[in-house]
Amino acid sequence: MSTINKSVPKVEAKDKISGKMKYVSDYHVEGLHYAKTVRSTIAKGVIQSIELPPLPEGVTIVDYQDIPGKNVVKMIYEDWPVFAEKNISHYGEPIMLVVGPSKEMVQAVFDKIKITYQEETPIFDMVQSKVDYHFTKGDPQTAFQEAKKTIKYTYETGYQEQAYIEPQGFIGTLEDEKVTLIGSIQAPYYVKNAVIDTLSCKPEDVRIIQATVGGAFGGKEEFPSLIGCQLAVALKKVKKPIKLIYEREEDMEVTTKRHPSKITMEAAIDEENNITAIKSHVGIDGGAFLGLSSVVLSRAMIAATSAYTINHLQVDGDVYITNTVPNGAFRGFGAPQMIFAVEMFINHLAKDLNEDVHDFRLRHLAKQGDKTTTSGTFRDPILMPEMIKKACQISGYHKKKALYESSEKMKGIGMSWFLHGCGFTGSGEADHIKAKVKLRKDEADHVYLEIAAVDMGQGAKTTLMKVAAEVLELPLEAIHFANPDTDIVPDSGPTVASRTAMVVGGLVARAAQEINENWQSGKPQIVHKSYKQPDYMEWDQATFNGDAYPAYSWGVNVVEVSVDPASLEVRVEHIWSVYDVGKSLDDNIVIGQADGGTAQGVAYGYLEVMNHRNGKLLQKNMTDYVIPTAVDMAKTETVLFDNPFAYGPYGAKGAGELTLVGGAPAVAIAIEMAINKRVSKIPATPEYLMELMNND
Amino acid sequence: MVRHRIPVTLEEALEHLNETTYKIIAGGTDLMVQNRAWSELPPKFDAPLLFCFNLEALKYVKEENAFIKIGSMTDLETLLHHPLTPEILRKVIYEMASPAIRKVSTLSGNIGNASPAADSLLALYALDAKVEIKSQKETRLSTVSELILGPRKTALKQNEIITEIIIPKSSFTQTCFVKVGGRRADAISKVAFVGCASVENNVIKDIRMTINAVAARLIRRQDIEKGLCEKTPDEVKQNVNAILEAYSTSIQPIDDQRSNKDYRKYTANNLIKAFLNTL
């Protein structure tokens, strides 16, 4: 067994800690101009008039009329405009940029722009479906007809804000016809492809460079394409270098969030009190434009039974369009909503059926060889029984559960079991991403990873460099991995979907292997590798049938809480986690992902509140949008199980999202125990707990 | 042309205040945030600023007869660690903001900002704190509770500055501070409570309760407190519902981005009840 998991200092840690690291806002270019976005102040309506003040010399207005190509940000659906033309679909929708040589001048013009609207009645409820998906497994209809009884519940989840440390932004320059954008991004080629469409230009006229990213969590997957397109249009018109970086409040008010959801689940129960079939409806609020929402919906639907096997399923889902800020990618990508619903549902079913929850869940736990929700196969070993035992042992789960259930002390312990599909859904990797990597060796026998993977703090640089070093039997110092620049690196895909270690890392390992086999000391060598889907994978996107993912990572979270009797504030006392990520490529980095993921996942379940009033988000700064501080964060204990995956480098699977998706149900189940009420909504805030306590 | 001033003596500061209207900045942890602008641009103040953080003469904590006197430019972190700081005030400061904010923020700033959710005011109201206010011609005293008129509104005149916080020495057999915020540190209160009491020979001799963030101004009902004195703790505990009923006319919270009125009222009641139950 490889010892690659042995931790090394993160390669960029010194520069980050010392303050030497440059982020996009630290770049300075001679003659820099500044851009500020003029935004709608209504949720829905039509622009009637725009009144501009006289523009001082050097100040330029950039709007939809300046777009050489299509006024749409290239994503999956073409419904998201670069700039609003006449119609306004959400509060804060970008209408134009004011660009000028100083912030004072830009601000002065900005303050004098007057826009009048014909307001229309906005829609905030989940009633306008724009995408609906549907799939079945087995024969749910018969199972429901033959059921002894059926039980149905609805679960709701709220917004979540990524709250990355560094807000979104780019600095752009123009040289002849060529646009160069340096930005805080997760997907350099997404931005490049979007800009090409908007400018209607040649691919070689757009260059995207990733600046060191101060956190992303999915928030910098698709949204930067919008800013990138706007800035590219401005560069073409103004012909000066321009900085477009959001302020924290602007970022929080207008960038994509985690989709609020409403999930209804109905189970058919047989004579033995087992679940024979489940019908689910997954509704997610897409906001004003679809963006990636349909993909988020499909990931949620595919997680319809999470870590359990149910033989008969009917899964329906809708993306609803509302007049709110578009929702989008966020670590977990639909799975946190679904896994919350599944875990609560299993718990509530066991209670309704007077079954021991633990035993009831074990009876339904997925095993190797079982059919997945989409009738694919769990091919690899599933270590969950051992992992669950371990989690129970280190947390004292059974003893504490018995104690807290019989005590009035408002303490609780909750456990969640879950999986996360690694990489893009279905044939996404093979059909859409088609990842390519390039490894280059120079005369000094140093090896350069030329890939589009982004290190946003999660450790992609260190882990991928370790993979190359290990294969090549070179010291880490002989491996280099610069921030991606689309003029240099091939498209190895976006840094999303827990795919980087497994998919890109796998390609890096194969390329390194090839260099190793043909090693010529002192001579430059270049190797290219492209993604090949494992032969066993079959997927039909139209029917959601087959293997949705090449591999699954698995996890168990246990969360212990106490609830204050006077204020109903929840204190998270301890968090225990057990994960199977295939093979850890660096234990400290995986533990870092685990601690951060659980913090974000648990906080999603009880702490982080975001609401809108008339389409305007109320919590728009880090004072009002509450994320956990070090004082709120409980002690964590994490155990990793080795379960190497044949196609991952050294057996690695995904780790980034897995650690988030189980946090919310674990804390919600613990809270249920503490207050002896059923939780069906997150975040389970004190305000919500009060409603539950008052509903006696 | 806006001219900001950074005086080093109180006399200088008072002279400036006599000339024109200034916004007085002590630590700036409220005002700088309230007036923030696009990064790299100066904050958007509509009046010139009088930065008072260099008034070294106003940085002290001393004991004088029956009073603790705190210079108005003394930062909260100093107060947190000072031996003369009253216990209940120390408990409150300990949970306020973050260490970095406490290092520059002041009690006088908290008073001047007059936020209904200010935590230090809970202790100052409960301790019957007064402030010394100076202008070039006059020195006057006011209780903290009389100085604060409403959210962000004080009775401070344009030419005046708070120079000292005067806290009568008091001793209690028990004190309690409960802060209910969105999280356990660095949070603005949804509701917070201070309770101080002296119980001697099973008789309540002194009791004070203050609640923030449930009305336009902090709540302290001395009429109710008086009614509880000379009673036994058990008499009070049996009478909790009537006491809450008496407070209910004052507890008039609102919905906002941090919480809602039902929860604020529910929790305020529970905190009063919990404190009375500890007597």
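How many helices and strands are there in chain A? Chain A has 18 helices and 28 strands, where helices (H or I, at least four residues) and strands (E, at least two) are DSSP runs numbered from the N terminus. The radius of gyration of chain A, taken over C-alpha atoms, is 25 Å, close to the 26 Å that the globule rule gives for 696 residues, so chain A is as compact as a globular protein of that length. The globule rule is 2.2 Å times the number of residues to the power 0.38. The C-alpha trace of chain A spans about 80 × 70 × 50 Å along its principal axes.

The model is predicted: local features need pLDDT of at least 70 and side-chain atom pairs count only at pLDDT 80 or more, while totals for chains, interfaces and linings use all residues. Residues are numbered from 1 along each chain as its sequence is written, chains are lettered from A and ligands numbered from 1 in the order in which they are written, and side-chain values use heavy atoms, with hydrogens and water left out.

Five cavities of 30 Å³ or more are found in the structure. A cavity is a set of points, on a 1 Å grid over the protein atoms alone, where a 1.4 Å probe fits but cannot get out; lining residues have an atom within 4 Å of a point. Grid points are joined across faces, edges and corners, and a volume is the space filled by probe spheres set on the points.

The largest cavity has a volume of about 140 Å³. Of its 15 lining residues, A:I302, A:A303, A:T373, A:L419 and A:Y552 lie nearest the centre. Helix 7 (293–302) and strand 16 (411–422) of chain A each supply at least two residues of this lining, and strand 16 gives the largest share, three residues. By class, the lining has eight nonpolar, six polar and one charged residues; Ala, Val, Leu, Ile, Met, Phe, Trp, Tyr, Cys and Pro count as nonpolar, Asp, Glu, Lys and Arg as charged, and the others, Gly among them, as polar.

The second largest cavity has a volume of about 120 Å³ and is lined by 14 residues, with A:F378, A:R379, A:D380, A:A551 and A:Y552 nearest its centre. Its lining divides into nine nonpolar, one polar and four charged residues.

In chain B, four strands form an open antiparallel sheet in the order 10-11-12-13, where two strands pair if DSSP finds at least two bridges between them. Strand 10 (174–181) and strand 13 (219–220) are the edge strands, each pairing on one side only.

Key:
On a 1 Å grid over the protein atoms alone, a cavity is a set of points where a 1.4 Å probe fits but cannot get out, and a pocket is an open set with protein on both sides within 12 Å along at least five of seven lines; lining residues have an atom within 4 Å of a point.
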